[in-house]
Amino acid sequence: HLSTFYDIDTAKENMEKMRSDQHGPVGKLNPTTMSIRTKSGEEVPVSLSASIIRSEGKEIGSVGAFTDLREIFKMRRELEEAHLQLVQSDKIASVGRMAAGVAHEINNPLAGVLIYAELLQENLKDRPEQLADVQEIIKQTLRCKKIVSELLEFSRQSIGKESSFELEKLIDSCLSLVTKQATFQDINIVKEIDPHIPAMVGDMGQLQQVFINLFINASDAMEGFGEIKIKALYRPEKSSVVIGVSDQGPGIPEEMQDKIFDIFYTTKPVGKGTGLGLSISQNIINLHGGSIRFECPPTGGTTFIIELPIESTEGGVEEPLFIGLDE
Ligand SMILES: Nc1ncnc2c1ncn2[C@@H]1O[C@H](COP(=O)(O)OP(=O)(O)O)[C@@H](O)[C@H]1O
Ligand SMILES: [Mg+2]
């Protein structure tokens with residue numbers, strides 16, 4: 001029966017509205033948003049337009065049309081979300097530009113600090129107490145330089161030197177770099193590289209940076225104990241290569257998942273993480289015409305998945321994003 005989903009009081013109210021001239025011409029109800037309840041108790045937003053049927057001046061009934069608004073509301077929500085995302089990526093881009101500008105300005109004075117500290121180091125050779133202080137200055141300055149150069153790297157908007165390379169060799173070179181570190185002592189590396197992968201084209205230096213960051217992130221997530229699995233598969237039908245880097249860490253909590261690629265987003269202590277690794281990596285992979293994403297399977301751990309085209313589309317010109325400053 002009508003009254004099971006169309007509340008009787010609301011109906012009376014609507015009849016009053018139709019009789020008045022406040023909600024459309026007398027006898028009619030302009031589209032009005034309300035909600036009705038389905039059999040299962042679900043509340044459905046609808047739009048109602050109605051009018052009174054008269055015969056010889058007497059009301060003999062009414063007719064109404066309900067339009068289900070769920071689809072429209074859904075579309076509106078999606079539009080709002082898309083808009084939010086746009087604002088967000090715009091914000092990230094401008095933060096990135098600002099950071100790159102600051103980094104560029106700080107680069108030269110920092111080099112000056114380093115040179116003078118190194119001169120002091122020479123002069124203080126036989127004064128061990130002061131020497132230790134100067135060495136600390138040098139150490140901290142080098143840390144700043146590293147952050148600055150990472151920021152400048154982040155601001156680059158094209159791939160640098162393109163060359164042809166074998167993926168497995170590239171991965172091996174990254175592994176030999178990271179596994180020398182003490183933090184990789186108890187980490188087991190498993191490699192499964194498809195032997196049919198053809199030679200690839202790209203900026204080897206940039207791509208090495210991507211893999212090194214993924215390996216260090218994996219080792220950090222496992223706190224130095226466990227297995228890192230590297231899989232690479234040739235996809236001839238898509239003319240691409242899919243590379244997975246899996247760890248046995250705790251995974252990425254849901255509330256963090258949409259932030260980890262943000263510039264400066266880190267959960268690591270100061271001095272250990274800069275939050276630049278994944279944002280730079282994403283930039284580099286995009287410049288190579290590829291994509292990077294991650295999965296946290298219910299069985300635990302995290303897998304980062306990179307897809308790279310065999311033929312890179314980007315030209316090899318080097319051009320910093322930050323225009324207006326030379327060098
Ligand atoms: N393999 C992983 N497992 C769990 N969390 C990860 C993993 N890789 C990255 N993350 C999270 O993403 C954050 C950002 O990573 P990244 O951009 O490389 O910056 P950083 O390593 O300097 O913190 C990390 O701080 C960490 O919280
Ligand atoms: Mg990192």
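Two strands are said to pair if DSSP finds at least two bridges between them. With that in mind, strands E7 and E8 form a hairpin. The model shown here is a predicted one. The points below start with this hairpin and then move on to an open sheet, a surface patch, a metal site and a lysine.

**The hairpin and its neighbour**
- Between E7 and E8 lie 4 residues, and Ser239 in the turn has a positive phi of about 50 degrees.
- E7 is joined to strand E8 (residues 240-247) by 7 bridges, and the two run antiparallel.
- Across this pairing, Leu233 has Val242 in E8 opposite.
- Ile189 finds its bridge partner in E7, namely Ile228.

**An open sheet of 3 strands**
- Another topic is the open sheet formed by 3 strands in the order E1-E2-E3, with antiparallel pairing.
- Strand E1 (28-37) and E3 each have a single partner strand and stand at the edges, so one side of each is left without a neighbour in the sheet.
- On average, neighbouring strands of this sheet are turned by 35 degrees against each other, direction ignored.
- The antiparallel pairing of strand E2 (residues 43-55) with E3 covers 10 bridges.
- Opposite Ser47 you will find Thr67 in E3.

**A nonpolar patch on the surface**
- Ile53, Ile60 and Val63 together make a nonpolar surface patch with about 260 Å² of accessible area.
- Val63 belongs to strand E3 (residues 58-68).

**The magnesium site**
- Which residues coordinate the magnesium ion (ligand 2)? Asn213 and Asn217 do, each through its OD1 atom, at 2.3 Å.
- Asn213 and Asn217 are about one helical turn apart, because 4 residues separate their positions in helix H6 (residues 204-221).
- Buried means under 20% relative accessible area, so Asn213, at 15%, counts as buried.
- Asn217 also counts as buried, with 18% relative accessibility.

**A lysine in a helix**
- Lys145 sits in helix H4 (residues 128-155).
- The relative accessible area of Lys145 is 27%, so this residue is partly exposed.
- Lys145 and Ile243 are 98 residues apart along the chain, and 31 Å separates their C-alpha atoms.

Definitions and conventions
Residues numbered from 1 in each chain as written. Chains lettered and ligands numbered in written order. Predicted model: local features only at pLDDT ≥ 70, side-chain atom pairs only at ≥ 80, totals over all residues. Heavy atoms only, no water. Donors = N, O, S within 2.8 Å, 3.2 Å for Na, K, Ca; no water. Buried < 20%, exposed > 50% of the residue type's maximum accessible area, 1.4 Å probe, protein only. Patch = residues over 30% accessible without salt bridge, like charges linked within 9 Å, V, L, I, M, F, W, Y side chains within 5 Å. Areas by Shrake-Rupley, 256 points an atom, 1.4 Å probe, with all protein chains shown as cover. Salt bridge = Lys/Arg side-chain N within 4 Å of Asp/Glu carboxyl O. Axes fitted to C-alpha atoms, helices over the stretch in contact; angles between N-to-C directions.
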